[in-house]
Each structure stands twice: as C-alpha cells, then as structure tokens.
Amino acid sequence: MIATLHASLIDRLRRAQHLAVFTGAGMSAESGIPTFRDRLTGLWAHTDPVEVATPQAFRRDPQRVWDWHVHLASAVAAAQPNAGHRALAALAGKLPRLSVVTQNIDSLHQAAGSRDVIELHGNLFRLKPFIDEDAAFEAAEPPVICRVCDGYAAWRDCDPWASREDFARLRLAAGPVPRCPCCGARLRPDVVWFNEMLDPQVLDAAMSAVDACDAMLCIGSSLEVEPAASLPWRALRRGAAVIEVNPQPTALTPHVTALPGTAAQVLPQLLATVWN
Ligand code: NAD
C-alpha cells in the first residue's frame with residue numbers, strides 16, 4: 001500500500017517540521033483492545049458502553065460503573081504496544097517535532113516510548129472526584145475546592161490531615177468505589193464519558209498542535225466522535241498534508257491520501273519508506 005505514495009508527498013513528509021499524529025481506538029486494536037465498533041464481541045459483549053460510561057449512570061449506580069471500568073482496565077493493563085505504536089515512538093527521533101493527539105485512554109503510546117502525548121479523552125488509570133454539579137448547586141453552603149482531589153466539597157467535611165499522597169495511592173481496582181481521603185467525594189476514572197465535555201485546556205493543546213503542524217497522520221479513527229473528529233479536517237483546511245491509515249473508509253478518505261491497512265502493518269512500512 002505504501003507503493004501508492006506519490007514521490008512529491010514522500011518529499012513533503014520528509015521536509016515536515018512538525019508532524020501531528022491523531023489516533024483512535026483502531027490504533028490499539030492489534031494490541032487486543034477492541035474498538036467500540038466491535039462491541040458485539042469480546043470486551044464490550046455484555047454491556048453497551050453508553051449505559052455505563054456516563055455521569056448519569058455513575059450517579060444512579062456508582063458501583064456498577066466502577067466495576068465495568070475495573071474489568072476494562074484489567075484487559076487494557078494486559079495489552080502491549082503494537083508495531084504501530086512502536087513505529088510512532090521511533091518516528092519522533094527523526095523529525096524536529098512530533099505530537100501525538102489520541103482519543104485512546106489506554107497509555108499504549110506512552111508505553112511504546114512516545115513523549116508528547118495529548119490525551120483528549122483522559123486516561124483510564126488516573127482517578128478524579130465525581131463532581132455532581134446539581135448537588136453542589138443545591139447545597140446549603142457554597143462549596144469549596146477540596147485541596148486534595150480538587151473536587152467540590154463542604155469545608156466542614158474535609159479532613160485536615162489527609163494529603164495528596166493519600167489520594168495518589170488510590171487505584172482503579174476491584175472493591176468498593178473509593179472516596180477522596182480529604183472530602184469523601186466518590187472517585188471515578190479520569191476519562192471523558194458520553195455526555196461530558198472535553199477538558200478545555202487539553203482540547204486547546206490539541207488544536208495548537210494541529211494548527212502548528214505541516215503534516216498529519218490520522219490513524220484508526222472512524223471520525224464520528226466530536227470534537228476530536230474535527231481535528232483532521234482542521235489540519236486539512238490549514239493546508240497540512242493529511243494521510244489516513246485505516247482498513248475502512250471514513251468521511252475523510254476521499255479528501256486525503258488514504259493508506260488502507262492496519263496500524264501495525266502500515267506504520268512500520270511508512271517509517272521505512274519515508275524517514276529511513
Ligand atoms: P473510533 O471511532 O476511533 O473507530 C475505530 C476505527 O478504527 C474504525 O474506523 C476502524 O475501521 C478502525 N480500525 C479498526 N482496526 C484497525 C487497525 N488495526 N488499524 C487501524 N484502524 C483500525 O473508535 P470507537 O471504537 O468508535 O471508540 C470511540 C471512543 O471510545 C474513542 O474515541 C476512545 O475514546 C474510546 N475507546 C478507546 C479505546 C482505547 O483506549 N484503546 C478503545 C475503544 C474505545
């Protein structure tokens with residue numbers, strides 16, 4: 001499939017000063033983590049993620065949502081970076097700048113050695129407080145920001161002896177939903193659930209990387225989840241060379257150079273053809 005790359009595009013990629021890499025769930029499919037679109041099989045077979053990955057579901061039944069994420073984390077923790085992740089990590093040393101913008105929550109880019117990784121949808125292995133905006137609004141006293149978990153709290157609930165180190169020791173693991181050692185807020189995985197906004201600072205960082213790039217690789221994303229899906233279009237509008245790696249066509253395919261194939265097959269070949 002790399003044979004289809006035009007010589008002028010190879011030259012343009014070789015001269016790129018800043019390559020942005022945008023990845024979706026397909027990037028990790030060959031590491032054994034199914035995409036959501038594979039949800040009738042494997043990891044997602046018995047539960048629709050839309051039922052358990054929302055703030056509404058956590059409010060209704062925190063233990064069920066926690067247990068589902070623990071199950072997901074056990075599969076993700078067993079996964080290893082694939083040849084595609086490793087090719088991207090190696091590529092960083094061959095260009096002045098490479099930014100990875102990922103929708104994945106699995107840490108596999110970092111495990112492969114990538115440094116500058118922007119995690120648009122958070123990270124499964126980090127915890128944060130569950131902030132119930134409605135409860136905070138209805139509370140008798142204005143909430144304070146908990147000094148340990150940064151969530152909303154009532155100051156009289158806060159334990160003055162609790163520390164950030166106590167919080168940092170808590171993990172996504174089987175058992176009851178943990179609580180902040182200072183304010184008692186329930187903790188949840190630091191991922192973006194359905195019906196939630198992206199962290200504005202993270203989205204800004206991703207847009208800055210896209211605006212500064214002269215070439216982009218768009219890998220393993222169906223481009224159906226906004227606002228992430230707009231990023232390759234943004235790069236295209238700005239005149240960057242955009243290359244898509246995906247075994248299936250997407251809405252972007254007719255507008256860019258498409259390399260139909262999987263991440264673990266195509267990326268090592270692309271690295272060898274263009275940058276070696
Ligand atoms: P998605 O919208 O990114 O779709 C998956 C895409 O990957 C499809 O276009 C498919 O054709 C392509 N694909 C499948 N196998 C591939 C391969 N081997 N190489 C390259 N491309 C391949 O992702 P989704 O499944 O709709 O998930 C939506 C969101 O759910 C993601 O944005 C992410 O936040 C989250 N999610 C994360 C993970 C993870 O962290 N590994 C896994 C599943 C879902």
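The legends below describe close-up views of a predicted model. Local features are given only at pLDDT of at least 70 and side-chain atom pairs only at pLDDT 80 or more, whereas totals for chains, interfaces and linings use all residues. Residues are numbered from 1 along each chain as its sequence is written, and side-chain values use heavy atoms, with hydrogens and water left out.

View 1. The ligand is surrounded by 26 residues, where a residue is near a molecule if one of its heavy atoms lies within 4 Å of it. The closest are F36, R37, Q103, H121 and S222. By class, the shell holds 10 nonpolar, 13 polar and three charged residues. Here Ala, Val, Leu, Ile, Met, Phe, Trp, Tyr, Cys and Pro count as nonpolar, Asp, Glu, Lys and Arg as charged, and the others, Gly among them, as polar. The ligand takes up the space of the largest pocket. A pocket is an open set of points on a 1 Å grid over the protein atoms alone, where a 1.4 Å probe fits, with protein on both sides within 12 Å along at least five of seven lines. A molecule sits in a pocket if more than half of its atoms lie within 2 Å of its grid points.

**View 2. Polar atoms at the ligand oxygens.** A backbone N or O atom of Q103 is 2.6 Å from a ligand oxygen atom. For I105, a polar backbone atom lies 2.9 Å from an oxygen atom of the ligand. N246 instead uses its side chain, with an N or O atom 2.7 Å from an oxygen atom of the ligand. The protein buries 90% of the 840 Å² that the ligand exposes when taken alone; accessible areas come from the Shrake-Rupley method with a 1.4 Å probe.

**View 3. R188 in strand β7.** R188 belongs to strand β7, residues 187–191; strands (E, at least two residues) and helices (H or I, at least four) are DSSP runs, numbered from the N terminus. R188 counts as buried because its relative accessibility is 3%, the limits being under 20% for buried and over 50% for exposed, with partly exposed in between (1.4 Å probe, protein chains only). Its side chain reaches the backbone oxygen of V191 at 2.6 Å. The side chains of R188 and E196 are joined by a polar contact of 2.8 Å. A polar contact is a pair of N or O atoms within 3.5 Å; within protein, one must be able to donate a hydrogen and the other to accept it, and residues adjacent in sequence count only if both atoms are side-chain atoms.

View 4. The peptide bond between E226 and P227 is cis, with omega about 0 degrees. P227 is placed in the loop between β8 (215–219) and α10 (230–237). S107, a residue other than glycine, has a positive phi near 65 degrees and lies between β2 (97–102) and α6 (108–112). Phi is also positive in N195, near 70 degrees, in the loop between β7 and α9 (200–212). N195 counts as exposed because its relative accessibility is 62%.

View 5. V148 lies in the loop between β5 (144–145) and β6 (152–153) and is buried at 1% relative accessibility. Its C-alpha atom is 39 Å from that of W233, 85 residues apart along the chain. L259, in strand β10 (residues 257–259), is buried at 0%. The C-alpha atoms of L259 and T4 are separated by 8.1 Å, with the two residues 255 apart along the chain.

Technical notes. 1 Å grid on protein atoms, 1.4 Å probe; cavity = no way out; pocket = protein on both sides within 12 Å on 5 of 7 lines; lining within 4 Å.
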